[in-house]
Structure formats: C-alpha cells, structure tokens
Amino acid sequence: MLKQVWLATALCCVSSVVIAAQPLPDAQTVSRYADQLMQQQPIDNTSPGVAVLVARGDELLFKKAYGQANIELGVPLSPEHKFRIGSVTKQFAAAALLTLIDEGKASLTDPLIKYLPDYPEGQAITLLQLLNHTSGVKSYTGIPGYMHNQIRRELTTAELIDEFKNLPVDFAPGTDFKYNNSGYVLLGAVIEAISGKSWHQYINDALLKPNKLTTVVYPAEQTIISGMASGYSLRPGQNVQHAAILSMTQPHAAGALVADLDALWQWNKLLHRGKILKQATYQQMITPVAEAAQDDRDYGFGISRGQLRGMPELQHGGGINGFVSLLMYLPQQELTVAMLRNSDGPGPDLSYLSRKIAAFASGNPYPEFKPVNLTEAQLNEVSGVYSKGDDTRTLEVRDGTLLSTRSGSRPFELTAQGNDSFGFTDSVTRLVIQRDKNGQPTALKMFYDGDGESETWLRTGDVTAKADIALTQQQQQALVGDYASEQLQLSIFQNDQNGLMVQVAGQPALPLKAASERSLYLTVVDARLEFAPAAGPAAELTLIQGPGRFVLTRQ
C-alpha cells in the first residue's frame, strides 16, 4: 500500500536508450559491485536496514542483508527475515483475480455491480479499471487524516469499503489514471465474492500453497510470524522511531502481505515463466492499455512496465508503515532484483539501488562519474531558472551546494562531475549545462537514465531571492489553526525554536518562512501558503505547489 505523499516528489522518468550488449558479469563480480554499493548507504549496526537479492534465471548472484532486524534487541538483519511488502501485494491480488478469469469465473469487462450489487455506480466500473487504476474511485488512504488514527481500526472488507464508497469519484471511470488503493480493496472483495473465501485465503490456496511459496503470508492482527523483522520510521533530524500503528486488515489486497527475498524471487520465476496464468492473460497483465498507457504511467495489472538501459523492465514497489519494498524483473535475461527495507521515511532509495544493481548485472552498467570540486562562483555561474513549457527547474546555490528544485518538488543536491555535468545524489539522473559561444549558460539537458536520450530545459531567468521577514507574535497567532479541504488537512502552529510550522495529518512537521504577513513558504519543498483575508484572523489558506492549488478552510 503506497502511503499518501504531499511534500515530496520523486525524480522519475523513463528514457529509451539502446546500449551495446556486454558480457554478463558472473556472481562474484555482481556480489562485489552490489556489496560495495550497499556499503555506501546510511546503514549501520544501530539502524534498520535493507535485504537484497539478485538472481539471473535460476542462478543466485547475490543475497545479503545490512542493518538491524530489531534495534532494541540488537538482532542483525538477515536475508531470510520477513518484511511487509506493501503494494507488491497488488501483483499477487491481480494474479489471483486473473486466475479466476482464466477459469471462466469472471471477465475483465464485468461490471463491479455484478459482484458488489450495492456499490454506488458499480455498473460503470469494470474489473479492468480496478486492476489498472482507471476506475476513478477515491483512494481511502488519501482521505485527509485517515492515515493517522482511522487506519488503526480493525475492519471487515465491507466496513473498509464503507469508508470510501460514497465519496465523490476523482473522474469518470475509464477517462483518466490515478494510483488507487481502494481499487484493489474492491478487487479483494470481488475475489471473496467469487471464491467464497477471504481474499488472502484464496491467494494462499490458489497461488501460494500449490507452488510451495510458504513464506508469503497474511499477518492478520495477532499472528506471530517467525523471522519477522521489526518496522521503524526515519524522520530528518529525529531519532529512529517505531513505525506508526495500523491494522493489517486495512491494507487488504492493496498491501497486506508479508514475504522474504527468496519467495519474491520464486514468484518472479513462476509468474514470468507462465506457471501462474495463461499466456494471453499474462500478456494482458504486463501490457498497459488506454489511460494507463499514457505519458509515463505504463501500468498493467499490479505491475509497471518501463525501460532500464534500453531493456524492458517490469516492476512494482511498495511502502507501508515501517517498510519499503521493490521487486524488479528484466525479461530478456530473467533478471530479478528484490529489495526489502524495514523502515519508512527518508533512507536508502530502493529504486535507485535496484536500477544500479540491475544495470550492472545485465552487463549494461550506468556510467560512473568522479566528483570534481567547483568554487561557489563557478556554481553561481550556472544557477538560474530553466523552463520546459509551463514547468520550471531552479538551480541555486545554498551554503556552497548547488541544488535543483523542480516546481512543486523538493530541492535535490547536485554533484559536479566536470564538463558542465552535474549528478543528482542517489540517482542515475544527471544534467549537463549548455552554453552559447560566449560561455553563458543558455539551457540544460536532463539525462534521466544517465545517458542516451535527453530533455532540454531553456534558461529563462535568474534566481530571485525570497524575502525572509520576522512576524510579530500577533501576526503569527492570526495564522495559527487547523485547515481542511476534501483533499487535505493540515495544521499551522508555533514552535519555540523554529517559529511557525506546518504539519499535514500523518506527516512530519516542517518549518515555514514568511515572505509577507500573509504569505509563507517552505524551504524543503517548492510550496507556499497564501492566507486570507488580508487582515484579522485568517479564514482560509491556499496551498500552491507546482501547478496544484488547494484552498483549505480554517476549522
């Protein structure tokens, strides 16, 4: 289950680049590379960690764990420990429904109302639209405040559906795409209606047990799971904390399963070698269609399709309280990379790490660049506002470091690589400054996959310094309060050390700065808050983040 993210967006884009085939590295070479990469991560014997598996077909290339499975007891993490896999569960749920379709018990075109007769407007929603996130159903994990306390309640399938079924849809079914946890809860309910079993019991009976995948389990509420790693939360500037509590009844078929590395490797082989589904059905599962195939979506049924160094890539990630997961498969070489992390929040980036390891293991490694030292004057020379259509990217120097901030996103640190090339920290993405004949920066090229195809952003202006004024106690008090809309819920409050702070329900508090008496902004993400009316206690605020504008009323 993917948790709602507001004040951070990921650098992501898929480029197509054809790389000449190289000899495939052997297990020892892959192990050496992967271990070296993992040793560079912020993991030690006092922190939660990451377990990694790399395999090519039936050959295990690398399997190792780093960090602690339980910090309090000093238990090191092992590759055999089990983790919550979050939204990787969706792949199992999708395969379960498709198995029922293969058996003639359902059809992708079936309306939801056929299985849930009381679901509002269920005649307009198809099973296909639930599978590929084009149903428009409101995702319950995006309900303001829901991930704070409401997620802790133990609910039946029917009770969970009651939480969102009467909410306005995000769009008419089939007309758009939006990643959606409610859709997979509904798929779980459909599986239950057809099979007469709970969604997880059917997955176990139909998919796991016959294939001896005994370490993929549903944890329920009080089940003791042998070898289960403890989950933690990482927050900037804070000590490691226990993960927030949630009832495992609520992630449901969208994210409730637990697994270990070996089980995910075996699952990849079974699914992609045609041992689970009929070939035609499998092709439908991995082939995005209609709105799910537009732009950079490329979502099939419980699986995303992309490119890695010019090779087809199939993968799905997951994030749930205390855990992050990623399962990748490169069909050309039957390459599996599985990564499981027992912490949420900032930490080792599994997407970046898996791409680096998979590219190396496939014989198409990403280019490596050694950092070079530039003076602050040299960094300031390339600073400025760069634009692509209505989108902007600002390069600016703070405390001697060059940062890139895309509109609505957070700042990313850049490292100079020489020849006007700058790499993003913990990312394969880099940018290269373009200059005119006089040596003045005129544009930048973004290489999202390290090299190959690029995207041009034209320099359109200089960086404008933001005002930073001190508000009086009375001015601050006029803004303090709780604000809410249908999409969002947040609080503005005072902190003795940091002044005004903003906190979205279920997320860390962030400091604010004042551009004026009624205009505040964040430094950790490109977002600002405008308050109205112009005098007296604020009655509403408008959150402006990138192209998004959200009007919230003071409660």
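Author: This is a predicted model. Let's begin with asparagine 321, whose side chain reaches the backbone oxygen of alanine 244 at 3.0 Å.
Reader: OK, and where is the place of asparagine 321?
Author: Look in the loop between β10 (311-320) and β11 (323-330).
Reader: Does asparagine 321 count as buried or exposed, and why?
Author: Buried, because its relative accessibility is 2%, and the cut-off for buried is under 20%.
Reader: Which strand pairs with β15 over five bridges?
Author: That's β14 (residues 384-388), and the two pair in the antiparallel sense. Glycine 384 stands opposite leucine 395 in β15.
Reader: What's in the turn there?
Author: β14 and β15 form a hairpin with two residues between them. Glycine 389 sits in that turn and has a positive phi of about 65°.
Reader: And how many bridges join β15 to β16?
Author: Six, and those strands run antiparallel too, with β16 spanning residues 401-406. Here glutamate 396 stands opposite leucine 403 in β16.
Reader: What do β15 and β16 form?
Author: A hairpin, again with two residues between the strands. In this turn, aspartate 399 has a positive phi of about 50°.
Reader: New topic, charges! How many salt bridges does the structure hold?
Author: There are 26. One of them is between aspartate 35 and lysine 64, with the closest N and O atoms 2.9 Å apart.
Reader: Which parts of the chain does that pair link?
Author: Distant ones: aspartate 35 is in helix α1 (residues 27-39) and lysine 64 is in strand β2 (residues 59-66), 29 residues apart. Lysine 64 counts as partly exposed because its relative accessibility is 30%.
Reader: Why would side chains like that pair up?
Author: Side chains of opposite charge can pair when their charged atoms come close.
Reader: Which residues do shared partners join into one network?
Author: Asp58, Lys269, Arg273 and Glu334 are joined that way, through salt bridges that share partners.

Terms used: Residues are numbered from 1 along each chain as its sequence is written. This is a predicted model: local features need pLDDT of at least 70, side-chain atom pairs count only at pLDDT 80 or more; totals for chains, interfaces and linings use all residues. Side-chain values use heavy atoms; hydrogens and water are left out. Two strands pair if DSSP finds at least two bridges between them. Helices (H or I, at least four residues) and strands (E, at least two) are DSSP runs, numbered from the N terminus. Buried means under 20% relative accessible area, exposed over 50%, partly exposed in between (1.4 Å probe, protein chains only). A polar contact is a pair of N or O atoms within 3.5 Å; within protein, one must be able to donate a hydrogen and the other to accept it, and residues adjacent in sequence count only if both atoms are side-chain atoms. A salt bridge is a side-chain nitrogen of Lys or Arg within 4 Å of a carboxyl oxygen of Asp or Glu.
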